[in-house]
Amino acid sequence: MKRIGLLALFLAFAMPVRAAELPGDSVYRLPIALTDQDNRAFHLADRAGKPQLVSMFYTSCQFMCPLIIEELKRTQNAIDAGSHAKLPVLMVSFDAAHDTPATLKEVFGKRKIDAATWTLAHADAASVRQLAAVLDIQYRALPDGDFNHTSVLILLDGQGRIVARSEKMDGVDAEFVAAAKKLLATQ
């Protein structure tokens with residue numbers, strides 16, 4: 001509970017004017033500008049209104065980030081089993097210097113990502129740091145260009161509140177899927 005209180009306090013001061021109607025602990029209160037794989041600019045708050053899965057990664061990662069992508073795909077499919085609509089996925093890059101829209105776009109083909117429901121995005125380094133802090137994702141750049149980072153899937157409700165987290169990367173987390181299905185049933 002202490003973490004949520006600090007999150008709400010941080011977000012209250014970071015809130016852009018257009019997000020004033022969002023709850024105090026909404027991730028969407030962060031005034032973060034992003035650019036997606038198609039070079040379209042958007043703000044984090046533009047994603048408000050619909051639950052979604054969120055994680056962070058970087059494209060040159062050879063091990064954990066591809067695993068995060070595959071785990072998100074499996075989780076998305078488990079949540080949406082029998083449904084006609086897929087839960088959207090947002091992945092934001094840690095690597096502000098190298099993960100350009102073109103680089104992000106390459107990942108779609110390489111990883112066979114569903115462009116209808118997935119968004120890969122990058123932001124400036126300060127915004128990435130803010131988002132990671134609010135999502136409680138730790139990372140640090142290494143001298144060789146790689147990153148040490150937390151590997152986590154996060155479920156946000158339509159108002160941008162963190163509903164569930166999963167650090168399980170070796171198969172679908174049944175509790176996480178159950179939390180997502182419960183959220184979708186109430187939204």
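1. Axes here are lines fitted to C-alpha atoms, for helices over the stretch in contact, and angles run from 0 to 180 degrees between N-to-C directions. Helices (H or I, at least four residues) and strands (E, at least two) are DSSP runs, numbered from the N terminus. The model is predicted: local features need pLDDT of at least 70, side-chain atom pairs count only at pLDDT 80 or more, and totals for chains, interfaces and linings use all residues. Residues are numbered from 1 along each chain as its sequence is written, and side-chain values use heavy atoms, with hydrogens and water left out.

2. Overall make-up. The chain contains five helices and nine strands. Their order along the sequence is α-β-β-β-α-β-α-β-α-β-β-β-β-α. Buried means under 20% relative accessible area, exposed over 50%, and partly exposed in between (1.4 Å probe, protein chains only). On that scale, 50% of the 187 residues of the chain count as buried. Contact means heavy atoms within 4.5 Å. Among the contacts in the chain with a separation of 6 or more, 62% are between residues 24 or more positions apart.

3. Helix 2 against helix 5. Helix 2 (residues 64-79) packs with helix 5 (residues 174-186) at an angle of about 50 degrees, and their axes are 9 Å apart. Angles under 35 degrees count as roughly parallel, over 145 as roughly antiparallel, 65 to 115 as roughly perpendicular and the rest as oblique. Helix 2 and helix 5 are therefore oblique to each other. The crossing of helix 2 and helix 5 is right-handed; a crossing is left-handed if the near helix is turned anticlockwise from the far one by less than a right angle, and right-handed if clockwise.

4. Residues at that crossing. Helix 2 contributes Thr75, Ala78 and Ile79 to the contact, while helix 5 contributes Phe176, Val177, Ala180, Lys181 and Leu184. Six of the residues in the contact of helix 2 with helix 5 are nonpolar, one is polar and one is charged. In this count Ala, Val, Leu, Ile, Met, Phe, Trp, Tyr, Cys and Pro are nonpolar, Asp, Glu, Lys and Arg are charged, and the others, Gly among them, are polar.

5. Ile68. This residue belongs to helix 2. Ile68 counts as buried because its relative accessibility is 0%. Leaving aside residues up to four places away in sequence, Ile68 touches Ser55, Met56, Met91, His149, Ser151, Leu153 and Met169. One of these, Met56, is twelve residues from Ile68 in sequence, with 8.7 Å between the two C-alpha atoms.

6. Ser166. Strand 9 (residues 162-166) holds Ser166. Its relative accessibility is 2%, so Ser166 counts as buried. A polar contact is a pair of N or O atoms within 3.5 Å; within protein, one must be able to donate a hydrogen and the other to accept it, and residues adjacent in sequence count only if both atoms are side-chain atoms. The side chains of Ser166 and Asp173 form such a contact at 2.8 Å. A polar atom of the Ser166 side chain also lies 3.2 Å from the backbone nitrogen of Lys168. Residues up to four places away in sequence aside, Ser166 touches Ser151, Val152, Leu153, Asp173 and Phe176.

7. Pro101. This proline is in helix 3 (residues 101-111). Pro101 is buried, because its relative accessible area is 15%. Apart from residues up to four places away in sequence, Pro101 touches Thr35, Asp36, Gln37, Asn39 and His122. The C-alpha atoms of Pro101 and Asp36 are 6.0 Å apart, although 65 residues separate the two along the chain.

8. Positive phi values. Most residues other than glycine have a negative phi. Asn39 has a positive phi of about 65 degrees and is not a glycine. Asn39 sits in the loop between strand 1 (33-36) and strand 2 (41-43), and it counts as exposed at 56% relative accessibility. Asp136, also not a glycine, has a positive phi near 60 degrees. Asp136 lies in the loop between helix 4 (125-135) and strand 6 (139-141), and at 23% relative accessibility it counts as partly exposed.

9. Ala41. Strand 2 includes Ala41. With a relative accessibility of 68%, Ala41 counts as exposed. Residues up to four places away in sequence not being counted, Ala41 touches Leu34 and Thr35. Ala41 and Ala123 are 82 residues apart along the chain, and their C-alpha atoms are separated by 9.7 Å.
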